[in-house]
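Let's take a walk through a protein together.

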Amino acid sequence: MGTRAGVAISHHRNPRVAGQEAAVDAMRSGGIGRPTFVFVFASVGYPQEALVSAVREATFRAPLCGCSGEGIIANGEADESNFAVAVMAIESDELRFAHGLSEGLCGGARPVGAEVARNLAPGVGPDARALFVFADGLSFNFDAFRAGFESVPGLSQGLPFFGGTSADNWK
């Protein structure tokens with residue numbers, strides 16, 4: 001099979017309709033029957049729980065990560081309105097994904113980075129290619145997070161980090 005990916009955007013104001021529409025269209029655009037992993041990015045006008053729930057239902061509860069933000073960029077479009085969601089659905093028998101959630105950035109990014117590393121260590125081998133991080137934009141210190149992550153023995157030193165910071169329209 002290899003790896004297939006599809007991306008789609010919805011601007012529907014109803015979070016359930018928007019989440020389902022973006023997820024189904026992403027799977028369709030990538031020729032994906034059942035995603036291995038899903039990325040979701042949405043602007044801040046949606047109740048995020050309802051939106052994520054709709055995406056998870058439409059993608060057969062595939063592992064998922066992403067964040068809210070002041071806008072989304074996908075398929076040659078940048079939208080900073082309150083109602084935009086982008087979904088990337090991935091199906092692969094070549095790539096492995098692990099995901100998790102950590103809290104406590106306000107208490108310091110270094111301990112959170114170490115916690116993330118400890119949680120991921122059992123599933124991260126020498127073939128790891130990247131770490132995606134989507135953190136609170138108001139309290140995230142990347143350098144401290146990375147130092148904490150790299151302080152845990154046994155993980156690939158120099159693992160590239162990708163991602164961005166989330167936003168909540170100051171709420």
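This is a predicted model: local features need pLDDT of at least 70, side-chain atom pairs count only at pLDDT 80 or more; totals for chains, interfaces and linings use all residues.

Residues are numbered from 1 along each chain as its sequence is written, and side-chain values use heavy atoms, leaving out hydrogens and water.

Start with the largest pocket, whose volume is about 1600 Å³. Here a pocket is an open set of points on a 1 Å grid over the protein atoms alone, where a 1.4 Å probe fits, with protein on both sides within 12 Å along at least five of seven lines; lining residues have an atom within 4 Å of a point. The volume is the space filled by probe spheres set on the points, which are joined across faces, edges and corners. The lining has 48 residues, and those closest to the pocket's centre are Cys65, His99, Gly100, Phe132 and Phe134. Among the elements that give two or more residues to this lining are helix H3 (109-120), strand S7 (131-136) and helix H4 (142-150). Helices (H or I, at least four residues) and strands (E, at least two) are DSSP runs, numbered from the N terminus. S7 gives the most to the lining, with six residues.

Now turn to H3. In this helix Ala109, Val112, Gly113, Ala114, Val116, Ala117 and Leu120 are buried, where buried means under 20% relative accessible area, exposed over 50%, and partly exposed in between (1.4 Å probe, protein chains only). The buried residues of H3 pack against S7 and H4.

Next come the cores. A nonpolar core is a set of buried Ala, Val, Leu, Ile, Met, Phe, Trp, Tyr and Cys residues joined through side-chain atoms within 4.5 Å. The largest one has 20 residues, and Tyr46 is one of those with the most contacts inside it. Helix H1 (15-30) is among the elements that give it two or more residues, and H1 gives the most, with five. A second, separate core of 16 residues includes Ala117, Leu120, Leu131 and Phe145.

Finally, find Glu77, which lies in strand S5 (residues 77-79). Is Glu77 buried or partly exposed? Glu77 is partly exposed, because its relative accessible area is 28%. Leaving aside residues up to four places away in sequence, Glu77 touches Ile9, His11 and Ile72, a contact being heavy atoms within 4.5 Å.
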